[in-house]
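Me: Could you walk me through this model? I'd like to start with one loop and then move on to the folds.

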Amino acid sequence: MALPLPPGLTHSEVSFLAEMELVTVVPRQRLESIELLSGKTPPLRPPHRADLPLWLALLLKKQRRANILAPPWLHPSSLSSIIHTETIQDPQAFSPPPPPRTRASPSNPGIASRPDSDSSNLSAPFIPSSTADAPAGFLPYHWLEVAESLLAHAGDDMPAPAGEIRSLLRDLVEVRAAKMRSSTSALEGFGGGLMSLRGVGAVELAESRGFVLGVVDGVRKIGASAEATRREDEENFGGERGRAGGDDDDNESDEEMGI
Amino acid sequence: MSYYDIDSILTDAEKIPCTFQLDVPDLGYLDNNSGQTLKNGTRIALPLWLAEMLAIANTGDADEGKSFISFDLPPALGNDVVQALKADPRAVPLRDQSAHFYALATHMMDLSEEPELGSVLRKTFVTRAGEIALHARKVGGSAGGKGGASEEGSNLGVGGAGEEFLRGLDEWERSLFRKAHDGAKAGKEWMDNVKK
């Protein structure tokens with residue numbers, strides 16, 4: 001009541017966080033390494049590629065000091081294959097998030113292995129999921145934010161006309177929003193109520209959070225009295241069982257310990 | 001539910017049909033017989049808060065242990081409404097039954113066990129929620145447009161039927177619609193602001 005903001009992150013907060021995502025740039029000018037709170041940026045030596053945070057890449061792009069390489073999943077072919085997956089192959093679930101990065105080990109060439117989870121940061125903002133060597137065909141957590149700001153500020157660096165990519169993105173947004181709506185129907189029967197949100201992006205969560213929480217809360221309130229009755233029955237049943245075992249003192253105390 | 005929750009207070013004011021189980025002197029004015037005794041067995045619609053108290057409270061007669069009144073389900077939760085909801089949850093304008101339909105129903109389920117009502121309501125709520133989200137998103141799409149809401153709505157296939165459905169939402173569903181609409185609107189605003 002007291003807080004004007006709804007729970008969870010708003011759209012602008014989410015897109016601010018998305019600016020931490022690394023993207024690959026091709027610099028046009030030399031730039032020494034900058035010491036940031038999150039670590040040093042790589043020194044820029046044209047024409048070698050480098051991975052920079054999105055905000056810095058956009059700044060350099062606006063000053064015409066660098067070109068941004070679009071992440072592979074933003075290519076029209078990758079987007080249309082994702083739309084194909086979402087609509088035809090698996091119309092129920094969201095398309096899966098990118099797999100953890102694999103790394104070829106020098107000792108046995110040709111075999112890639114996943115790095116140890118403690119040596120690499122696997123949570124969302126620290127995976128280099130929007131760089132030039134990110135896997136195609138998988139949408140990372142911040143896909144919509146990164147795609148929108150790249151299209152808005154670096155439209156001329158995109159692999160295809162911005163309008164084409166934009167319309168594919170719109171299709172994808174609509175398909176996934178429809179899935180988000182229908183995902184609540186899993187709550188219909190008693191006992192059901194698992195909605196898998198695997199692969200849902202941050203902006204989509206921000207958009208649907210209020211609705212989904214509202215539905216879950218409503219279902220909880222409707223089921224509250226039935227749930228209370230069920231608990232009471234269970235308690236009564238448990239009590240009877242306790243009384244039945246009352247002859248054996250050890251047995252009873254064991255049961256109480258168990259509870 | 002908070003003490004100051006206005007919807008909860010309004011829900012308590014909903015009338016439910018009650019039957020008195022004993023004679024009460026000088027309460028006849030409730031039944032348009034002022035000055036008379038209210039007879040045992042009289043049926044009167046009482047507000048929920050009063051009915052709840054009277055139904056739970058004991059007359060003090062330890063032998064009989066009878067309560068003052070017995071109550072039935074209000075007409076909003078009557079058999080024909082439940083049957084209609086079973087047939088098609090989306091076709092019933094819940095607001096015509098009661099503006100606080102779900103709140104009333106959950107309250108009644110607390111007072112008396114209605115296992116069937118619970119499952120019907122759950123199905124109704126979830127089915128209608130999907131429909132609500134659809135409308136919230138469509139209206140959200142038209143809110144930023146140049147044209148009037150109704151005009152844009154018809155372009156998107158909402159039309160008169162959608163408006164009718166939205167008019168039949170009870171308070172829970174209205175707040176759900178508001179939440180879904182706020183989300184869609186915030187998304188649209190953000191999308192427009194990215195270019196700046």
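Me: Where is A:Arg64 found?

Reply: A:Arg64 is in the loop between helix H2 (54-62) and strand S5 (66-69) of chain A, where helices (H or I, at least four residues) and strands (E, at least two) are DSSP runs, numbered from the N terminus. Please keep in mind that this is a predicted model, in which local features need pLDDT of at least 70 and side-chain atom pairs count only at pLDDT 80 or more, while totals for chains, interfaces and linings use all residues. Residues are numbered from 1 along each chain as its sequence is written, chains are lettered from A and ligands numbered from 1 in the order in which they are written, and side-chain values use heavy atoms, with hydrogens and water left out.

Me: And is A:Arg64 buried or exposed?

Reply: A:Arg64 counts as exposed because its relative accessibility is 62%; buried means under 20% relative accessible area, exposed over 50%, and partly exposed in between (1.4 Å probe, protein chains only).

Me: What about phi of A:Arg64?

Reply: Phi of A:Arg64 is near 60 degrees, which is a positive value in a residue other than glycine. Most residues other than glycine have a negative phi, and most peptide bonds are trans.

Me: Which residues does a cis peptide bond join in chain A?

Reply: The cis bond joins A:Pro46 and A:Pro47, with omega at about 0 degrees, and A:Pro47 sits in the loop between strand S3 (39-40) and strand S4 (50-53) of chain A.

Me: Switching to chain B, how many helices and strands are there?

Reply: Chain B has nine helices and three strands, and 41% of its 196 residues are buried.

Me: In what order do the strands sit in the sheet?

Reply: The three strands of chain B form an open sheet in the order S2-S1-S3, with antiparallel pairing; two strands pair if DSSP finds at least two bridges between them. Strand S2 (43-47) and strand S3 (69-71) of chain B are the edge strands, each pairing on one side only.

Me: How many bridges are there between S1(B) and S3(B)?

Reply: Strand S1 (residues 15-20) of chain B pairs with S3(B) in the antiparallel sense over three bridges, and B:Cys18 has B:Phe71 in S3(B) as its bridge partner.

Me: Which helix lies across those strands?

Reply: Helix H2 (residues 48-56) of chain B lies across S1, S2 and S3 of chain B, and runs at about 110 degrees to S2(B). Axes here are lines fitted to C-alpha atoms, for helices over the stretch in contact (heavy atoms within 4.5 Å), and angles run from 0 to 180 degrees between N-to-C directions.
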